[in-house]
Amino acid sequence: MNSNTIPLGPYPSAATAVELTPARMRVLRAVNSFNRPATVVQIAATVGGHPNTSRVHLEELASEGYIDCEPEPPRGRGRPALRYSISPLGRTKLTAPSDIDHRALAQALAQQCVLTRDPQMARQLGSLWARALISTLPDDQDDLLQHLVDLLASMGFSPEVSEDRTSVLLHTCPLVEEARQDPDMVCAMHRSLIAGAMEEWNHQADTQLLPFAAPGHCTMSLELQSSQQD
C-alpha cells in the first residue's frame with residue numbers, strides 16, 4: 001500500500017479490528033503463505049475459486065489494514081498488476097492467541113486517564129497495568145528486551161525491534177482510537193507501562209515514546225540501564 005494512504009501511527013490491534021469471515025481468513029492465510037508479495041492469480045490458485053472472488057476479499061482486507069498492496073513495475077500499456085503481502089496487523093491476527101485479550105482492562109484504564117486528565121494518574125495506571133500482566137512472562141532476565149517485546153506483543157502492539165536494538169516500532173495498538181483522541185494521557189500510560197515492567201524486573205530504562213511517528217507505527221526508543229541492587 002502506498003505510504004501516502006496510510007495514516008500516521010499504528011493500526012488497531014487484532015482484538016479491536018474488524019472481524020473477518022471464514023472466507024477472508026482463508027485469503028489472509030494464503031497471502032501469509034507467500035514469502036514475497038503475490039498476485040491475485042497466485043493467491044486465488046492457493047485458495048481455490050475464481051480470481052475475481054479473491055480480488056474482492058483482497059480489496060477488503062487491504063482497506064481494513066490486514067494486508068498491504070503495491071503495483072508491479074510498469075510493463076508496457078495498461079495498469080500494472082497489484083501484489084499483496086501480509087501487514088503487521090494481519091500477522092497479529094493470524095498469530096495472536098484467541099484466549100488472551102487485555103482490551104477490557106486497557107480500555108478501562110484509558111477511560112479513567114481521559115476523564116481525570118491527571119498525568120500522575122496516567123503514570124500510576126500504566127504501572128498498575130504492567131503489574132497485572134507481568135506474571136505471564138518468564139522470570140529469567142537474560143534478555144530484558146525480548147521479555148519486553150513479548151509483553152507488548154501479548155497486549156496487541158505488534159512490536160518490531162530495530163537492527164541496533166535501541167528502538168521498537170509499535171505497528172498496532174489496542175487503544176489507538178483513545179490515543180488519537182487524547183495522546184497526552186493515553187501515551188503517558190503506555191510509557192509508564194514500560195517503566196513499570198522494567199521496575200518489576202528490577203531494571204531501569206530510559207524510555208521515550210513518539211506517538212504517531214510515521215505511517216503505520218509509533219516509535220519507542222529504549223536505553224536499558226544496569227540492574228538495580230536489592
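Which element of the protein has the lowest mean pLDDT, and which the highest? Strand E1 (residues 11–12) has the lowest, at 66, and strand E3 the highest, at 93. Here pLDDT is the predictor's confidence in each residue, on a scale from 0 to 100. Where pLDDT is low, the predicted coordinates should not be read in detail.

**Basis and overall content**

This is a predicted model, in which local features need pLDDT of at least 70 and side-chain atom pairs count only at pLDDT 80 or more, while totals for chains, interfaces and linings use all residues. Residues are numbered from 1 along each chain as its sequence is written, and side-chain values use heavy atoms, with hydrogens and water left out.

The mean pLDDT of the protein is 78, and 81% of its residues reach 70 or more. The protein contains nine helices and eight strands; these are DSSP runs numbered from the N terminus, helices being H or I with at least four residues and strands E with at least two. Of the 230 residues, 45% count as buried. Buried stands for under 20% relative accessible area, exposed for over 50%, and partly exposed for values in between (1.4 Å probe, protein chains only). Among contacts with a separation of 6 or more, 62% join residues 24 or more positions apart, a contact being heavy atoms within 4.5 Å.

Helix H2 spans residues 40–47, and its buried residues are Val-40, Ile-43 and Ala-44. These residues lie on the same side of H2 because they cover an arc of only 100° around the axis, the arc being that of the directions from the helix axis to the C-beta atoms. An α-helix has 3.6 residues a turn, so residues three or four places apart point the same way. Val-41 and Ala-45 are exposed, on the face of H2 turned away from its buried side. The packing partners of the buried residues are helix H1 (22–32), helix H3 (51–63) and strand E3 (82–86). After H2 comes Gly-48, with a positive phi near 95°.

Two packed helices are described by the angle between their axes and the distance between the axes. For H1 and H2, the angle is about 115° and the axes are 9 Å apart. The axes are lines fitted to C-alpha atoms, for helices over the stretch in contact, and the angles run from 0 to 180 degrees between N-to-C directions. The crossing of H1 past H2 is right-handed; a crossing is left-handed if the near helix is turned anticlockwise from the far one by less than a right angle, and right-handed if clockwise. On the H1 side the contact involves Arg-26, Val-27, Ala-30 and Val-31, which meet Ile-43, Thr-46 and Val-47 of H2. The residues of this contact divide into five nonpolar, one polar and one charged. In this division Ala, Val, Leu, Ile, Met, Phe, Trp, Tyr, Cys and Pro are nonpolar, Asp, Glu, Lys and Arg charged, and the others, Gly among them, polar.

Strand E3 contains Arg-83, which is partly exposed at 24% relative accessibility. Leaving aside neighbours within four places in sequence, Arg-83 contacts residues including Pro-37, Thr-39, Gln-42, Asp-68 and Glu-72.

**Phe-212 and positive phi values**

Most residues other than glycine have a negative phi, and most peptide bonds are trans. Phe-212, in strand E7 (residues 205–214), has a positive phi of about 50° although it is not a glycine. Phe-212 is buried, with a relative accessible area of 18%. Arg-165 is also not a glycine and has a positive phi of about 60°; Arg-165 lies in the loop between strand E4 (159–161) and strand E5 (167–170) and is partly exposed at 48% relative accessibility.

Pro-183 is in helix H9 (residues 183–200) and is partly exposed at 30% relative accessibility. Apart from neighbours within four places in sequence, Pro-183 is in contact with Ala-188 and Phe-212. His-171 sits in the loop between E5 and strand E6 (172–173) and is buried at 12% relative accessibility.

| Pair | Separation in sequence | C-alpha distance |
|---|---|---|
| Pro-183 and Phe-212 | 29 residues | 9.2 Å |
| His-171 and Phe-212 | 41 residues | 10.0 Å |
| Arg-83 and Ile-43 | 40 residues | 9.7 Å |
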